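Let's take a walk through this structure together. Have the sequence and the 3D view ready, and follow along.

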There are 2 protein chains.
Amino acid sequence: MTAPLLSGTPNCSPCTLFDPVPTPVTRELPASFAESLAAAAARVEVMLDTLLGEQLLADEVARPGRLIAAMRHAALGGGKRLRPFLLIEAARLFGRDDEGVLRAACALECVHCYSLVHDDLPAMDDDDIRRGRPTVHRAFDEATAILAGDALLTFAFDLLADPATDEDADLRAGLTLDIARASGLGGMVGGQMLDLLGSAVSSEEADIRCLQSMKTGALIRFATRAGARMGGGGDKDLASLTRFGEIAGLAFQLADDLLDVIGDADALGKATGKDAALGKATLVELHGVEWTQDTLSGLVAEADALLEPYGERADILRQTARFIAERRS
Amino acid sequence: MTAPLLSGTPNCSPCTLFDPVPTPVTRELPASFAESLAAAAARVEVMLDTLLGEQLLADEVARPGRLIAAMRHAALGGGKRLRPFLLIEAARLFGRDDEGVLRAACALECVHCYSLVHDDLPAMDDDDIRRGRPTVHRAFDEATAILAGDALLTFAFDLLADPATDEDADLRAGLTLDIARASGLGGMVGGQMLDLLGSAVSSEEADIRCLQSMKTGALIRFATRAGARMGGGGDKDLASLTRFGEIAGLAFQLADDLLDVIGDADALGKATGKDAALGKATLVELHGVEWTQDTLSGLVAEADALLEPYGERADILRQTARFIAERRS
């Protein structure tokens, strides 16, 4: 029970398995997709700025300014906002695109940002830089970073349970339950624990998939499920969008692992070969680059098939699957 | 913004202001009260053991055993369970006493326990012992303690939003929103931040009251409000029980501060004079022991008056107010 974490040493030298690196064929995504992604990110930024700004300061309760500043540092000014984008686009598929959806998207982003703040802590991944800026514990201090993470997580539930997000209490309670399951012991936090245990856990395929589906998959799956529910999709729609979210999560992780092996460190803005150096088992390491690229293509095809019934309305989600699978940074 | 925390040095020597110590007159609480308190604590313990035990392990998702063990270490085996007791008794006042109430009480205790785990961390209060046992980061490690706190907080929302707690989604969403507000930036976490900032904040009475109402008051207030709501109390009942919770929170803090000055370190199981040594401003320091004891008596009288309409049914809540105000450990 009290064995030290991270006691494992790297069990293979980085980046020797996969040389020479094949160059995948990438179709160009339409400019309108990049515009949609950027526009959603801008809307999320403005809403987060409001939610973590004027609104808090206007309340009657005293708020510690240092904590608000740390929360803003964590949540504002960066990232592709992929999770909120997926939620927004899943809701738009069913014709809903209002402030309530944007608030739910911001709640999801708050959970993602809190997880980054805590993962970056010295006791965890000990990272100094995130999105080109000092991590929260570097810009402030460790205690403030722990509390800012706690406050962002709590604020996500505040947002989702608030009638301003949706007038239907069943939906609000449902979203709350769903995100709690996706981000807690059986989801993101549990996945992070398995990841920290590192070499202590097996490098069996099933175990790698389980870890990844918990650590990164669960929250992405929540995004498309939540969008479908907010948009008023039926049971079949919810099942399709849930599977779409699972596919997106799998593709996200495979692309991430692939980038770690074949990525351009400059374009990526972070070191490559990190997984191997840390002795982290990945599916890319297990099956090789070609298998991974084939699998990614298969996932994109499955996403296309799932979205087929929605016709052109699903174009952006279709492009999102390709974007995730083919991303180079 | 980046000034170091806790840079203040103690600004007075401990425990010289209030000698000699007057001995308050304490009426004996009925044995049945102690029994009620112990019985509720036992029920909470059994339910938490189930929720954080068999149930989790029976699920199909893989759970990291180390994280579950740390959550159980944090949540089981100790404490008076005062917050869950207040929730349970407030619900009983309106005739409800079922498993749903117990689940909500456990959710509240999970929030309380997570806050202790994070407050104990080296970057915060750096405590090695809690309830006579090693703190979570000492029994496990810092990373596990951070994640166990995160998972307990998240699990609290899981419990509250789950239909197994109540079939009424309005109530579930309402409780979720209420506990998020009580425990986040404008509540417990914000209060902890103000507390950490310590000597950097003012020692004005209003500021001390604000900090305390956020750090400890908000969650106690949630307890009685949640009980009244779950029991189906009307608007007037909710107002009365909300005020009762505020009184209980104030009394809890005043009694705590008083114990720090006049308490018996042996009976208390922790060092006294700690607030003064840390330079923490308290109302006891500001107004003296006699004022504090008078104020506590006034709070108990106000609680009695609030509960008057409920007659004998409110006996246990009445006794709880006295217990909180007069506690010696």
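Predicted model: local features only at pLDDT ≥ 70, side-chain atom pairs only at ≥ 80, totals over all residues.

## The nonpolar core

Start with the largest nonpolar core, which holds 206 residues. The members that touch the most others are Leu67(A), Leu87(A), Leu152(A), Leu67(B), Leu87(B) and Leu152(B).

Let's pick one of them, Leu87(A). Setting aside neighbours within four places in sequence, Leu87(A) is in contact with Val101(A), Ala104(A), Ala105(A) and Leu108(A), and also with Phe222(A), Ala223(A), Ala226(A), Gly227(A) and Met230(A).

## A look at Phe33(B)

Now hop over to chain B, where Phe33(B) sits in helix α1 (residues 31-51). Is Phe33(B) buried or exposed? Its relative accessibility is 3%, so Phe33(B) counts as buried, the cut-off for that being under 20%.

What does Phe33(B) touch, not counting residues up to four places away in sequence? The answer is Phe85(B), Ile316(B), Gln319(B), Thr320(B) and Phe323(B). Asp315(B) is 282 residues from Phe33(B) in sequence, yet their C-alpha atoms are 9.0 Å apart in space.

## Where two chains' helices meet

Finally, look at helix α9 (residues 188-197) of chain A and helix α7 (residues 142-161) of chain B: their axes come within 10 Å and cross at roughly 165°. Because of that angle, α9(A) is roughly antiparallel to α7(B). The crossing of α9(A) and α7(B) is left-handed.

On the α9(A) side, the contact is made by Val189(A), Gln192(A), Met193(A) and Leu196(A). From α7(B) come Ala143(B), Thr144(B), Leu147(B), Asp150(B) and Ala151(B). Sorted by type, the residues of this contact are 6 nonpolar, 2 polar and 1 charged.

Notes:
Residues numbered from 1 in each chain as written. Chains lettered and ligands numbered in written order. Heavy atoms only, no water. Core = buried A, V, L, I, M, F, W, Y, C linked by side-chain atoms within 4.5 Å. Buried < 20%, exposed > 50% of the residue type's maximum accessible area, 1.4 Å probe, protein only. Contact = heavy atoms within 4.5 Å. Helix = DSSP H or I, 4+ residues; strand = E, 2+ residues; numbered from the N terminus. Axes fitted to C-alpha atoms, helices over the stretch in contact; angles between N-to-C directions. Parallel < 35°, antiparallel > 145°, perpendicular 65-115°, else oblique. Left-handed = near helix turned anticlockwise from the far one by under 90°. Nonpolar A, V, L, I, M, F, W, Y, C, P; charged D, E, K, R; others polar.
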